[in-house]
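Have a look at the structure first.

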Amino acid sequence: MPRAFLVVMDSVGCGGAPDAGRFFNDGTPDTGANTLAHIAQACAEGRADDGRAGPLALPNLDALGLGAAVRLASGAAVPGLDAAARGLWGAATEVSPGKDTPSGHWELAGVPVPWDWTFFPETVPAFPEDLLAEVRRLAGTDGTLGNCHASGTEIVARLAEEHLRTGWPILYTSADSVVQIAAHEEAFGLERLLQLCKDIAPMVHAMKVGRVIARPFVGSPDTGFARTKNRHDYAIAPPAPTLCDAVQGAGRRVQAIGKIGDIFSMRGIDELRKGTDAELMDHWADLMDEAPDGSLTFANFVEFDSLYGHRRDVAGYARALEWFDSALPRIFGKMRKTDLMLLTADHGNDPTWAGTDHTRERVPVLGAGVGQREIGLVAFADVAASVAAHLDVPAPGEGRRFL
């Protein structure tokens with residue numbers, strides 16, 4: 001019985017979104033944003049030589065059709081990615097009215113978002129008083145800190161000492177539809193932070209805000225502060241059954257790697273494996289051996305986005321891409337003859353662009369295993385329909401299969 005592996009390279013966009021002009025970064029429309037092309041161009045011009053050097057080297061992804069997918073999506077030049085495509089390759093266009101993580105993943109799983117997300121204004125405070133009051137009540141504190149748009153590392157560095165002194169949680173948001181709450185794992189308590197985020201989530205979700213994210217950190221004024229890997233997302237549930245529900249409903253198993261469990265509120269998921277991206281690669285390799293017949297493995301590798309895209313670190317993003325590519329032969333060597341492997345993305349995050357937000361882009365769709373050919377320009381929901389067809393389960397939504 002065939003298996004499917006759907007892997008999201010978080011934010012690895014390829015430009016060309018037809019509605020990019022409707023989305024903005026620091027007042028600049030996303031028209032022309034192109035994560036992969038602009039990284040490749042920076043590498044070729046010697047502008048991304050921190051910890052690496054030379055043109056962007058992604059031989060395994062490019063052999064599947066990565067460079068060809070970028071050119072198809074946007075017509076942009078991608079120096080160093082000029083191999084003849086030998087895999088399944090094309091590019092996908094999103095229709096959901098957001099360039100956020102849940103929108104992209106849900107639509108890849110067959111369910112476009114039917115509403116507009118709520119975003120918080122770039123004011124201080126950013127959050128309405130009724131939300132702040134409920135956080136104070138649930139946390140048992142007299143106040144909160146932050147209440148603004150901020151980078152997570154910056155706001156922790158700025159407010160951690162005051163947090164330790166007062167015991168007040170740190171609240172912040174971003175250009176995403178999100179409430180993030182940071183607290184010290186030991187002084188405030190990890191379980192207390194997770195419970196606070198879980199308890200406030202229904203109120204936040206009712207506002208059509210996509211996620212509450214617990215952001216624990218450790219450290220002291222003497223040693224400095226650092227976020228831990230115990231982050232947890234409390235995401236609003238998808239508005240309709242997804243690919244995960246379809247596979248599970250057919251009596252098959254769904255294994256999730258990385259943020260997938262959080263993004264789908266664990267709905268339709270049997271097993272979750274988390275960790276750093278390096279640890280996730282090991283989980284992926286293990287599941288190539290362990291995933292049962294007929295199952296779906298759904299993975300998200302987030303560090304392209306979280307560590308490099310939002311921080312506008314071109315060289316770091318290039319290093320992450322090259323690391324990911326170098327790990328693929330280990331994965332491909334474990335594939336069975338009837339396996340389908342699809343690699344794609346959920347949005348862009350062009351590290352050369354204005355601002356620090358995601359960028360509205362098409363995304364590459366690359367495949368190994370069965371069905372290797374050019375698929376052209378497809379819809380995000382076509383990914384779900386194609387995986388469902390491969391696994392012989394009912395397709396969610398209205399996508400069209402390209403297999």
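A polar contact here is a pair of N or O atoms within 3.5 Å; within protein, one must be able to donate a hydrogen and the other to accept it, and residues adjacent in sequence count only if both atoms are side-chain atoms. This is a predicted model, where local features need pLDDT of at least 70 and side-chain atom pairs count only at pLDDT 80 or more, while totals for chains, interfaces and linings use all residues. Residues are numbered from 1 along each chain as its sequence is written, and side-chain values use heavy atoms, leaving out hydrogens and water.

**A buried arginine**

- Arginine 215 sits in strand β8 (residues 211-220); helices (H or I, at least four residues) and strands (E, at least two) are DSSP runs, numbered from the N terminus.
- Arginine 215 is buried but has no salt bridge, and aspartate 233, the nearest side chain of opposite charge, is 6.5 Å away.
- For those terms, buried means under 20% relative accessible area, exposed over 50%, and partly exposed in between (1.4 Å probe, protein chains only).
- A salt bridge is a side-chain nitrogen of Lys or Arg within 4 Å of a carboxyl oxygen of Asp or Glu; on charge, Lys and Arg count as positive and Asp and Glu as negative, with His and the chain ends not counted.
- What arginine 215 does have is a side-chain polar contact with the side chain of glutamine 180, at 2.8 Å.
- Leaving aside residues up to four places away in sequence, arginine 215 touches several others, including Tyr172, Leu193, Arg227 and Arg231 (contact means heavy atoms within 4.5 Å).

**Salt bridges**

- There are 24 salt bridges in the structure.
- Arginine 158 pairs with glutamate 154, their closest N and O atoms being 2.6 Å apart.
- Both arginine 158 and glutamate 154 belong to helix α6 (residues 152-166), four residues apart, or about one turn of the helix.
- Each is partly exposed: arginine 158 at 46% relative accessibility and glutamate 154 at 35%.
- Aspartate 293 and arginine 336 form another bridge (2.9 Å, N to O).
- Aspartate 293 is in the loop between α10 (277-290) and β13 (296-301) and arginine 336 in the loop between α12 (314-332) and β14 (340-344), so this pair ties together parts 43 residues apart in sequence.
- Bridges with shared partners also link Asp19, Arg22, Glu94 and Arg360 into one network.
- Within that group, arginine 22 and aspartate 19 meet at 3.5 Å, N to O; arginine 22 is exposed at 57%, whereas aspartate 19 is buried at 17%.

**Helix α10**

- Helix α10 has 14 residues and spans 19 Å from first C-alpha to last, close to the 20 Å expected at 1.5 Å a residue; the expected span is 1.5 Å times one less than the number of residues.
- Its buried residues include Leu280, His283, Trp284 and Leu287.

- Most residues other than glycine have a negative phi, and most peptide bonds are trans.
- Valine 124 and proline 125 are joined by a cis peptide bond, with omega about 0°; proline 125 is in the loop between α4 (101-108) and α5 (129-139).
- Serine 11 has a positive phi, near 80°, and is buried at 0% relative accessibility.
- Aspartate 26 has a positive phi too, near 50°, but is exposed at 69%.
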